[in-house]
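Subject: Structure handover

Hi,

My notes follow below it.

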Amino acid sequence: MSGPITLAPAAPRSRRYAELGLLLAALVIAGCGYVATDLAITGQWPSGLIPAAIACILVLGAAHLAVRKYAPYADPIILPLAAFLNLMGLVLIHRLDLADAAKAERLGRTVPRADALAQLTWTAIGVVVLITVLVVLRDHRLLQRFTYTALAAGLVLLALPLLPGIGASINGARLWLRVGPLSFQPAELAKLCLIMFFAGYLVVKRDALAMARTRALGVDLPRGRDLGPLLIAWLVSMGVLVFQRDLGTALLFFGLFTFLLYIATERRSWLLLGAGLFSVGAAAAYAAFAHVQERFAVWLHPFADPNGQSFQIVQSLFGLANGGILGSGLGSGFPQFVPFAKTDFIMATAGEELGLTGTVLILLVYAFLAERGFRTAVAARDAFGTLLAAGLSLVIVLQVFIVVGVVTRLIPLTGLTTPFLSYGGSSLVANWAIVALLLRISDGARRPLPPPVPNRDDALTQVVQL
């Protein structure tokens with residue numbers, strides 16, 4: 001026999017067929033939801049169904065072909081999971097568009113622009129970003145060279161909304177850049193830059209950060225001089241809270257760095273120190289800032305607020321109660337009564353019209369997406385890839401936890417959006433970039449290693465032995 005038979009070329013082909021099948025299933029489910037929404041509200045088939053379906057097929061088809069060509073060994077489930085969440089977000093936004101149009105007609109006003117169309121445009125832009133990352137970045141390890149450049153870029157992006165003239169405050173938080181009619185949230189790109197920095201920094205410093213000098217209450221504590229990174233992350237998070245008045249972003253960044261420290265060093269002491277610093281920061285912010293006190297009051301006593309500040313969370317709770325186990329059905333609830341239902345509180349829309357069952361299914365999709373990301377982190381062949389994939393997966397987990405915690409009154413109000421579901425271009429594009437990086441790392445982890453190059457000296461030795 002001439003040699004062993006390898007099945008390596010067939011393996012990526014079977015993965016891509018599985019990916020294609022799951023993408024088609026996501027399109028069918030979202031299409032049924034789109035039709036059901038219009039039938040419930042207008043009693044007619046949606047007039048824009050065919051163009052919207054063609055646009056979604058073309059966009060997701062382009063993403064699939066790019067993965068097939070430039071990342072053939074990538075995990076076949078990551079892209080369909082992200083696509084399903086994006087498509088369901090389009091359905092929920094379209095449902096709220098119909099409610100806005102009906103209200104405008106009742107009041108004799110001009111029907112507002114459909115946000116679902118704008119979100120579909122941002123979806124196409126996000127997929128273009130995904131394809132660009134896959135084409136340009138052939139090896140994720142190249143990103144490690146830009147560790148401190150990513151830190152500088154992330155800090156600059158966080159500071160940009162504070163500049164006069166281009167920074168804008170929306171809903172009390174100064175997180176936006178506004179240039180003419182366009183607005184952009186730079187914190188979404190900043191989180192990608194900071195994840196790159198955290199991964200690159202911890203790869204180099206993890207041995208020093210894992211060293212324990214003292215032991216207290218059964219916990220190994222790091223050296224005092226090694227507390228610097230955690231303290232800096234804490235100060236940056238407090239700066240976001242103080243100057244930008246955004247509790248959610250501050251919690252997201254600090255929690256992300258703390259958990260990555262634990263993953264890199266496997267020291268529980270970092271989790272305990274992080275929890276302690278977070279408690280101290282929360283107490284200090286509550287004592288110093290009136291807007292933090294208002295949010296805690298709304299969180300603790302939503303039905304006893306005389307100023308109406310708790311209207312949003314109260315309407316969200318009523319909507320979840322109205323949804324019950326199976327939901328009121330797409331188009332049959334009243335999610336439009338919740339302020340900012342398309343952005344911060346889109347999970348309240350899902351909870352009312354899809355019920356507890358539909359909400360749990362959406363959360364399971366997020367859980368599967370995070371699980372595939374963590375599996376990619378475990379399979380990565382380099383430490384930087386492991387920490388980068390873990391950080392990208394963690395940011396999805398933390399963001400979903402914070403958003404769902406707000407909607408269900410588990411934690412105080414924040415201003416974060418739900419990944420892929422919420423209306424917003426900057427968030428959607430950043431999340432598609434996360435998917436692209438996970439696909440690239442997964443492709444590198446699953447790609448077969450090249451055969452070893454025979455050593456000339458070893459060959460001569462074998463000849464001599466014969």
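Four helices each put at least two residues into the lining of the second largest pocket: α1 (10-41), α2 (49-70), α3 (78-106) and α4 (115-136). Keep in mind that this is a predicted model. Of the helices, α3 gives the most to that lining, with 8 residues.

The volume of this second largest pocket is about 730 Å³. Its lining counts 37 residues, and the closest to the pocket centre are Tyr34, Gly48, Leu49, Ala52 and His94. By class, the lining residues of the second largest pocket are 25 nonpolar, 6 polar and 6 charged.

Next, a helix pair. Helix α6 (residues 187-210) packs on helix α13 (residues 383-407) at an angle of about 140°. Their axes are 9 Å apart. How do they lie to each other? An angle over 145 degrees would count as roughly antiparallel, and α6 and α13 are therefore oblique to each other. The crossing of α6 past α13 is right-handed.

The contact itself is as follows. From α6 come Glu188, Lys191, Leu192, Ile195, Met196, Ala199, Gly200, Leu202, Val203 and Arg206. They meet Ala383, Phe384, Leu387, Leu388, Gly391, Leu392, Val395 and Gln399 in α13. Sorted by class, this contact of α6 with α13 has 12 nonpolar, 3 polar and 3 charged residues.

Best wishes

Key. Residues numbered from 1 in each chain as written. Predicted model: local features only at pLDDT ≥ 70, side-chain atom pairs only at ≥ 80, totals over all residues. Heavy atoms only, no water. Axes fitted to C-alpha atoms, helices over the stretch in contact; angles between N-to-C directions. Parallel < 35°, antiparallel > 145°, perpendicular 65-115°, else oblique. Left-handed = near helix turned anticlockwise from the far one by under 90°. Contact = heavy atoms within 4.5 Å. Nonpolar A, V, L, I, M, F, W, Y, C, P; charged D, E, K, R; others polar. 1 Å grid on protein atoms, 1.4 Å probe; cavity = no way out; pocket = protein on both sides within 12 Å on 5 of 7 lines; lining within 4 Å. Points joined across faces, edges and corners; volume = space filled by probe spheres on them.
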